[in-house]
Amino acid sequence: MTQNQHCGLVAVVGAPNAGKSTLVNALVGQKVAIVSPKAQTTRTKLLGVAIEGDAQILLVDTPGIFEPQRRLDRAMVSAAWSGTEGADMIALVVDGKGGIGSKVTAIAGALKDRPEPKILILNKVDVADKPKLLLHAEKLNALMHFADTWFVSAQTGDGLPELKSALAAAMPTGPWHYPEDQVSDATERALASEVTREQLYLQLHAELPYASTVETEKYSEREDGSVEIHQQILVERPTQRAIVLGKGGSRIKEIGARARTELAGIMGRPVHLYLHVKVKPGWDEDRDVYKDLGLDWVE
């Protein structure tokens, strides 16, 4: 350990679509978590590693916390709360435009008596009504004690340098946990599944809500240094398979092409990506799928 190193864990929590993943990516300085306009895009907790001066800030991006309806929902919410374990600080991220609904007040209630220092981050200030932002901040600070309140836009970067400096200053003294060039704890194999899933969300919008997941079946390096990835997109029904394939296979080609380009950029080498779509009714009740997603099986 070099002199004066600091390292700590910040759990980033909030309701779905508060912009947690966008915020983590912005603080890390590159993409580590997938993002889409759809709520509940993040399914499992993921660690992003941000560096500021002598401090390494370990940001745990967690799934949005909401009232779970299905087993997959319960597993995601369980992953979100487990992401706060051992945290040096908890950051509650709130959509400044959407305001404070029952989901946000429920999370604040659950955090209220936790011993860790907590900060409030009102996100999306670039699109929010300014007077309302102050009211949101007052209301939440009345519900529970926050050490600090921040107004930021993860999208435009507004307020992020100041937030990052403050997080760095709050980190306890201790050696860095990760090498300087590592930005996430996700394996390339896991990242490959996530990038393809992001394209499903971005390209299919409401046509294929939560009825799909992506499994990486084979991940290998070729002799020329490129990577070969075979993935299976699981859907519930034949009609959904048809949606993913598109007319004459046009949609799946586009999903594959964009995912391949993004993965090649992230990995810094050529990627050969092969996708196929499988109808698997009740895939979200299969223990192996949960294992592949990195989620615990929740009864």
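*Solution.* The model is predicted, so local features need a pLDDT of at least 70 and side-chain atom pairs a pLDDT of 80 or more, while totals for chains, interfaces and linings use all residues. Residues are numbered from 1 along each chain as its sequence is written, and side-chain values use heavy atoms, with hydrogens and water left out.

Step 1. Helices (H or I, at least four residues) and strands (E, at least two) are DSSP runs, numbered from the N terminus. Angles run from 0 to 180 degrees between N-to-C directions, with axes fitted as lines to C-alpha atoms, for helices over the stretch in contact. Contact means heavy atoms within 4.5 Å.

Step 2. Two strands pair if DSSP finds at least two bridges between them. Strands β7 and β8 are antiparallel, over nine bridges, and V214 stands opposite I233 in β8. Strand β8 (residues 227-235) runs parallel to β9, joined by nine bridges, and H230 faces Y274 of β9.

Step 3. The hairpin of β7 and β8 has five residues between its strands, and G225 there takes a positive phi near 95°.

Determine whether S212 is buried or exposed, and which class S220 falls into.

*Solution.* Step 1. The cut-offs, for a 1.4 Å probe and protein chains only, are under 20% relative accessible area for buried and over 50% for exposed, with partly exposed in between.

Step 1. S212 lies in β7 and is buried, because its relative accessible area is 0%. Leaving aside neighbours within four places in sequence, its contacts are R43, L200, L234, V235 and W283.

Step 2. S220 is also found in β7. At 24% relative accessibility, S220 is therefore partly exposed. With neighbours within four places in sequence left aside, S220 contacts S226, V227 and E228.

**Two packed helices**

Find how α1 (residues 20-28) and α5 (residues 160-170) are placed relative to each other, and which residues make the contact.

*Solution.* Step 1. The two helices pack at an angle of about 80°, with axes 10 Å apart.

Step 1. Angles under 35 degrees count as roughly parallel, over 145 as roughly antiparallel, 65 to 115 as roughly perpendicular and the rest as oblique. Helices α1 and α5 are therefore roughly perpendicular to each other.

Step 2. Helix α1 contributes L23, A26 and L27, and helix α5 contributes L160, L163, K164 and L167.

Step 3. Ala, Val, Leu, Ile, Met, Phe, Trp, Tyr, Cys and Pro count as nonpolar, Asp, Glu, Lys and Arg as charged, and the others, Gly among them, as polar. By class, this contact has six nonpolar, no polar and one charged residues.

Step 4. Eight of the nine residues of α1 are buried. Helix α1 is followed by G29, with a positive phi near 100°.

*Solution.* Step 1. A nonpolar core is a set of buried Ala, Val, Leu, Ile, Met, Phe, Trp, Tyr and Cys residues joined through side-chain atoms within 4.5 Å.

Step 1. The largest core has 36 residues, and L72, L92, V94, L111, L120, L140 and L295 touch the most other members. Elements giving two or more residues include β1 (6-14), β4 (89-95) and α4 (130-143).

Step 2. A separate core of 27 residues includes A55, I119, I121 and L167.

Step 3. The six strands form an open sheet in the order β2-β3-β1-β4-β5-β6, with mixed pairing. Four bridges join β5 to β6, which run parallel, and L122 stands opposite F151 in β6.
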